[in-house]
Each structure stands twice: as C-alpha cells, then as structure tokens.
Amino acid sequence: MQCMYPLQIQTFRNLLKACIAQRDLITGKILHALYIKSLIPPSTYLSNHFTSLYIKCGSLHSAQTSFHLTQHPNVFSYNTLINAYAKHSLIHLAHQLFEEIPQPDIVSYNTLIAAYADRGECGPALRLFEEVRELGLGLDGFTLSGVITACGYDVGLVRQLHCFVVMCGYDCYTSVNNVLLACYSRKGFLNEAKRVFREMGEGGGRDEVSWNAMIVACGQHREGLEAVGLFGEMVRKGLKVDMFTMASVLTAFTCVKDLLGGMQFHGMMIKSGFHGNSHVGSGLIDLYSKCAGGMMECRKVFEEIRAPDLVLWNTMISGFSQYEDLSEDALWCFREMQRNGFRPDDCSFVCVTSACSNLSSPSVGKQVHALAIKSDIPYNRISVNNALVAMYSKCGNVHDARRVFDTMAEHNTVSLNSMIAGYAQHGVEAESLRLFELMLQKDISPNSITFISVLSACGHTGKVEEGQKYFNMMKEKFGIEPEAEHFSCMIDLLGRAGKLKEAERIIETMPFNPGSIEWATLLGACRKHGNVELAAKAASEFLRLEPYNAAPYVMLSNMYASVARWEEAANIKRMMRGRGVKKKPGCSWIEMDKKVHVFVAEDTSHPMIKEIHLYMEELLRKMKQAGYVPDIKWALVKDEEVGRNEKERRLLYHSEKLAVAFGLISTEEGVPILVVKNLRICGDCHNAIKLISAITGRKITVRDAHRFHCFKEGHCSCRDYW
C-alpha cells in the first residue's frame with residue numbers, strides 16, 4: 001500500500017495533536033485505526049502520541065495496548081506510561097515498567113520519585129535518588145523537590161537534604177525552596193520555614209507559590225495577622241495576586257478562626273471580582289463552615305459561583321458533614337453533584353462517608369461503599385478505605401471495619417488511628433492496644449490523634465498505669481507535645497477510676513489555661529462517683545467559659561436531684577431559664593428498612609407506639625422475673641411529686657428502651673439491632689438492656705454520645721465501666 005505524502009502525514013500529526021489537546025477520544029480512535037492499518041508510516045513519535053491521547057482521555061487500558069503495539073519504544077514511551085500508572089496509584093506497575101527501560105533518563109527517575117512522594121514513601125524515593133547520583137545523570141529541581149516531599153514527615157531527613165541543597169548550590173531552584181518551606185511548616189517548624197522564605201528573598205528567587213505557601217504556613221500556626229501582612233506586602237510589591245493567593249489568605253483566616261477578618265476579606269474579593277471564582281469559593285465555604293457555626297453563608301457563596309467544579313462540590317459536602325444535624329444535606333449535595341454530571345473522586349467519597357458516620361446509617365454507608373467499588377477511582381485509594389474503616393466503626397460494625405482494614409493493600413497512620421479508635425469505642429481495648437504496638441513495630445509513626453485513641457482505650461477500661469505510660473511516651477519517645485485533648489483523656493482516665501483529686505491536679509498543672517472540655521470531663525467523672533462538691537466547682541468553671549451551654553446546668557441539676565437536694569436543683573434550673581438556655585432534648589433513633597425512626601421519652605407519636613408499649617410491659621414482666629429492679633433514682637423527680645409506680649412507668653418509656661423495643665418487634669429473631677442516642681445512656685436503661693439482650697437472645701448495640709455499648713447475653717462490652 002502506498003505511503004501518504006509528507007504533507008498528508010503532517011496533516012495527520014496535526015489532527016492527532018488537536019485530538020490530544022481537546023481530549024477527543026472518538027476522533028483519536030479513528031486516527032489510531034488508520035495508523036494500525038498501515039495507512040500511515042509507523043513511527044515511535046506517533047505511537048507515543050496515541051499513548052498520550054488515551055492517558056489524557058482517562059483510558060489507561062487503551063494506553064497500555066498502544067504502548068505494547070509500539071514497535072520501537074524509546075525512553076519517552078516508557079516515561080509516559082509510568083506517569084499514567086503513578087497518577088492511577090499503580091506504583092508497583094510503574095516501578096516494574098521502570099525496571100524494563102534500557103536506559104532510564106532523569107525524567108524517568110523524577111517521575112517515579114514523584115509517584116513515591118505522593119504516597120509518602122520515603123525509602124524507595126531515597127534509593128532512586130541515590131541511583132541518580134551514582135549514575136551521574138544530573139540532578140534538577142524536580143528530583144530534589146520529589147525526594148524532599150517524600151521525606152517530608154521526617155524533619156531530620158529534610159534537614160539533611162536541605163544541607164545537601166545548599167552545599168551543592170541547588171538552592172537556586174525556587175521549586176526546591178518552596179517544597180522545603182512547605183515541609184518545615186507542615187511539621188510545625190515555622191521559624192525554619194520563615195528562614196527559607198527570607199533567604200529566597202535575598203536571592204530574588206521568590207515566586208507567587210512561595211508567597212502563598214508562607215501565607216498558609218503563618219495561618220496554620222495561628223499567626224493570622226502576619227499572614228495578612230504578607231498578603232499586603234505582596235500587593236505592594238506588585239506581585240500577581242491570583243485565586244491561589246486569595247485562597248491562601250482565606251486559609252489563614254480559617255486556621256485562626258477569624259470570622260470577622262474573613263468576612264472583611266470576602267468584601268474585598270467581591271470588589272476585586274474574585275468572589276465568583278470556584279477555587280476562591282472553596283476557601284470561602286471552608287471559612288464559613290468552620291467559623292460561622294453553620295452552612296447558611298456557604299449556600300450563598302455556592303450560589304454565586306458561575307461554574308462550580310468538583311472541588312467546590314466536595315467542599316460543600318465536607319462542610320455539611322461537619323455538622324451531625326446536616327449530614328442528610330451532605331448526602332443530598334453528593335447526589336446533586338452527580339446529577340450535575342460530576343463523577344465523585346476519592347475526596348468526594350471521604351466526605352460523604354464521614355456524613356454516613358454521623359448518621360450511624362449502616363444501609364447508606366454500604367451503598368456509598370458499593371458506589372466507591374463501582375467507581376473509576378482506584379479502589380485501593382487509601383484515603384477512601386480509611387474513611388470506610390471509620391464509618392463502619394461509627395455505625396456499630398467493628399467487624400466490617402476490620403474486614404476493610406485487613407483487605408487494604410497498605411496502611412498508614414490514619415488507617416491504624418481509625419481502627420484503634422474503633423476498637424476503643426467498642427470496648428475492645430485489648431485489640432486497640434495490640435494494634436498500637438503493631439504500629440510501633442511496623443515503624444508507622446503515631447501522631448497526636450493516635451494517642452487520643454490509645455488514652456481513650458485505657459480510660460474506658462481503667463488502665464491507669466498504662467495510660468500514664470503512653471501519655472509520657474508521647475513527648476519522651478515521639479516528641480509530640482500533649483494538647484488539650486490529651487489532658488482531657490488523662491482527666492477522664494483518672495476520673496473514671498475514682499481518682500478525682502489527681503484529675504483535678506492535672507487541670508491545675510496544665511501548661512495552658514484549661515478550657516470547657518477539661519472541666520466538662522471532670523464534671524462527668526464527678527457525676528459517675530457522686531462527688532457533688534467538686535462537681536459544683538467544675539460546673540462553675542465550665543459555665544464561666546460557656547455560660548450558654550446547657551450541659552453543665554443539666555449535669556449539675558441532675559446530680560443534685562439524684563441525692564435529693566431538690567432546692568439546689570431548682571436553683572440551677574431557674575438560672576438556666578433566666579439566661580435563656582435550653583436543654584438539648586434527649587432522643588434515640590433506629591434505622592429500619594432504610595427509614596430512621598426517632599423516639600423521645602414517653603413518646604406517643606410513633607404509629608406503632610401501642611404495640612411498643614405492650615411489648616415493653618411484657619418485657620418488664622420477664623425482666624422482673626430475672627431479677628430486674630428499676631433504679632428509680634434515674635427518674636429524677638421528688639418522692640412527694642410521684643410515687644414509685646409512676647417513676648417505674650417513666651423509666652420504662654425512656655427513649656432508648658422504646659427504640660430497642662421497636663427494633664425487636666420489627667426484625668426477625670437473631671437479627672442484631674443498632675440504636676443511637678444523642679446523649680449519654682441512662683443508668684437504668686443500661687441495666688435493663690443487658691437483661692433484654694439475655695431474654696431475647698439478641699445482640700443490641702447502643703451508640704451514645706460517648707461510646708458504643710454492645711449488649712449480648714446479659715453483658716455489655718463496657719463491663720459496666722462507663
């Protein structure tokens with residue numbers, strides 16, 4: 001068959017380039033068919049372009065086929081496919097193909113190093129870096145940026161690489177300095193980040209990325225004013241202020257919770273015309289969702305964006321998922337995003353899975369899990385699996401959480417944190433602590449969140465000595481400074497064990513002023529052990545910090561009522577009414593056939609309430625035969641107001657008992673049920689549900705505001721230590 005004239009070949013090349021630029025897969029396939037049929041002279045150049053076309057159009061399988069059809073692949077051919085494998089998180093295939101290159105060039109190494117950097121795998125990246133030096137290929141900014149990013153979690157290594165950069169004169173690369181700045185900032189070394197930024201200025205090597213990174217660094221370290229000052233200096237120097245700069249300043253306001261400053265900056269952006277930009281819109285939504293206490297302003301921002309992108313939709317879903325009572329809105333937003341033609345990515349699934357966790361909806365969580373499997377994102381994406389582990393744990397199914405965990409190709413700190421926290425919340429503290437020890441054996445560095453879960457596991461089981469050991473280990477072994485949450489865990493650990501004076505001493509000796517969380521934790525411990533005097537002190541301090549939070553009023557009032565100090569209880573209630581503080585109504589809910597049924601105490605609104613009451617009365621008869629005695633102190637009413645029988649009746653119709661009864665009569669025998677309560681489970685309900693689980697032969701899980709109670713055969717996973 002005759003070959004085409006040079007002019008026609010050039011036209012063919014131009015058409016192919018246009019297909020790549022426009023991601024026109026259909027026309028590209030037609031051209032490829034002509035090429036395969038030998039109507040166009042074969043060339044490595046054209047074959048490489050077809051591989052690039054398929055990669056840009058998201059067809060990895062076709063790209064692989066195109067590569068294998070290339071008669072004489074060159075290093076560019078290999079690099080193109082390696083890059084595609086890296087972007088699809090197929091690092092093992094990328095490395096395997098890299099090993100097949102006859103003579104890899106610096107681009108080959110840079111591509112693979114960058115792939116390992118994206119995954120935070122320091123060892124392989126360093127080995128490749130050493131090979132580059134041994135082969136004398138000539139390092140460039142991409143090589144060093146990649147290897148520094150890969151080692152970003154080890155500040156010691158970053159410092160060594162920084163020395164190497166300066167000694168060998170590679171500090172002239174702005175990209176390398178930007179990565180160093182970001183690494184130092186991310187690990188809390190703001191002064192080192194500032195020094196890098198300052199030295200870049202001396203050589204005139206700062207670009208817009210440098211300024212944006214420094215603004216974000218200051219914001220993350222609660223130096224919002226300095227971040228805003230940097231923005232002002234950037235403007236005065238006449239540097240280009242783009243959407244990334246605006247988003248960086250918004251991040252600074254968000255990090256320091258400066259809503260007023262953020263709103264003023266929002267006004268400036270409206271005048272500058274940036275408010276309609278999708279990237280800036282994401283920053284605004286993040287600001288308002290985290291600092292304004294709701295999503296009303298976020299909705300307004302979203303509606304002003306002319307062309308919302310996937311990132312903006314994800315930010316909205318994330319914003320809704322931060323509020324338990326808006327989790328349904330997060331699911332609606334996720335569905336609406338799909339209706340608008342957007343395919344969810346890994347971030348979408350992480351955000352919507354978080355919303356499922358808040359709802360404690362196993363059915364919706366499983367639907368999202370199934371959709372993630374069916375989607376075109378790599379199923380081994382670690383962030384999605386981490387979210388699924390957390391979701392199943394929070395939905396009361398620690399078994400499925402462990403199943404997802406065990407099927408993951410790899411684990412990181414977040415994976416282990418999620419599983420450790422899941423076991424701790426379900427009272428499986430032995431497995432929780434075993435996983436922590438396994439984490440240390442695998443050289444996966446724990447972070448501050450890890451220790452919160454570990455200390456919580458110790459707290460729920462009364463392991464005071466172990467808890468103190470792990471608390472000391474944080475700083476001594478890992479250099480992690482204890483934060484408010486860690487001190488709260490220690491207060492809880494000691495308080496649950498009845499060591500109230502030691503718990504109070506921790507509050508008094510903390511390296512910073514105690515907040516409402518610490519006093520609330522001590523107040524809860526006082527309630528458990530009946531120390532009314534110390535409870536009054538804790539409640540007073542709590543109210544000083546948060547005078548409109550209902551929790552301290554309710555907890556102290558209930559404590560007074562439980563010991564028949566009715567006048568003090570009434571005074572607390574009067575104070576509460578005088579300040580206009582309203583108690584959060586207690587309610588319990590259960591999901592049945594994809595519908596959520598909500599109950600409140602003495603509920604009469606449910607369509608099956610008569611059947612529920614009849615069933616509860618029958619259960620009460622069987623429970624009393626088994627030795628159950630209603631603990632009427634939990635009725636919290638005066639003896640002269642109502643008699644014992646009325647108190648028992650009120651206890652019988654607590655919201656968690658009603659939800660459990662409905663679950664039992666609505667499901668077949670042997671089917672486990674999950675009930676969620678928005679407050680702490682009542683002591684009488686705890687005792688009653690233990691007996692109900694034995695009488696009915698059911699596994700009953702109650703998730704309250706603090707933990708999971710898994711009732712089975714008359715026992716609870718908390719072993720009555722809660």
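Hi everyone! Let me begin with a term: two residues are in contact when heavy atoms of theirs lie within 4.5 Å. With that in hand, here is our chain, and please keep in mind that this is a predicted model. Among contacts between residues at least 6 apart in sequence, 61% join residues at least 24 apart.

Now the overall picture. The chain has 722 residues, and 50% of them count as buried. Its secondary structure comes to 38 helices and six strands. Along the principal axes, the C-alpha trace spans about 105 × 60 × 55 Å.

Let's go inside. Which residues have the most contacts within the largest nonpolar core? They are Ile 148, Met 214, Phe 436 and Leu 522, and that core has 170 residues. Take Met 214 as an example. Leaving aside residues up to four places away in sequence, Met 214 touches Leu 181, Leu 190, Ala 193, Lys 194, Phe 197 and Leu 230. There is also a second, separate core, this one of 31 residues, including Met 592, Met 623, Ala 659 and Cys 682.

Next, a pair of helices. Please find H19, residues 310-321, and H21, residues 346-359. How do they pack? Their axes are 9 Å apart, at an angle of about 15°. Angles under 35 degrees count as roughly parallel, so H19 is roughly parallel to H21. The crossing of these two helices is left-handed.

Who makes the contact? From H19 we have Leu 310, Asn 314, Ile 317, Ser 318 and Ser 321. H21 brings Cys 347, Ser 348, Cys 351, Val 352, Ser 354, Ala 355 and Asn 358. Sorted by type, the residues of this H19 and H21 contact are six nonpolar, six polar and no charged.

Last stop: backbone angles. Most residues other than glycine have a negative phi. Now look at Glu 602, where phi is near 55°, a positive value. Where does Glu 602 sit? Its place is in the loop between strand E2 (595-600) and helix H35 (609-625). Glu 602 has 35% relative accessibility, so it counts as partly exposed.

Glu 713 also has a positive phi, of about 55°, although it is not a glycine. You will find Glu 713 in the loop between strand E5 (708-712) and strand E6 (715-716). Is Glu 713 buried or exposed? Exposed means over 50% relative accessible area, and Glu 713 is at 61%, so it counts as exposed.

Notes
Residues are numbered from 1 along each chain as its sequence is written. This is a predicted model: local features need pLDDT of at least 70, side-chain atom pairs count only at pLDDT 80 or more; totals for chains, interfaces and linings use all residues. Side-chain values use heavy atoms; hydrogens and water are left out. A nonpolar core is a set of buried Ala, Val, Leu, Ile, Met, Phe, Trp, Tyr and Cys residues joined through side-chain atoms within 4.5 Å. Buried means under 20% relative accessible area, exposed over 50%, partly exposed in between (1.4 Å probe, protein chains only). Axes are lines fitted to C-alpha atoms, for helices over the stretch in contact, and angles run from 0 to 180 degrees between N-to-C directions. Helices (H or I, at least four residues) and strands (E, at least two) are DSSP runs, numbered from the N terminus. Angles under 35 degrees count as roughly parallel, over 145 as roughly antiparallel, 65 to 115 as roughly perpendicular and the rest as oblique. A crossing is left-handed if the near helix is turned anticlockwise from the far one by less than a right angle, and right-handed if clockwise. Ala, Val, Leu, Ile, Met, Phe, Trp, Tyr, Cys and Pro count as nonpolar, Asp, Glu, Lys and Arg as charged, and the others, Gly among them, as polar.
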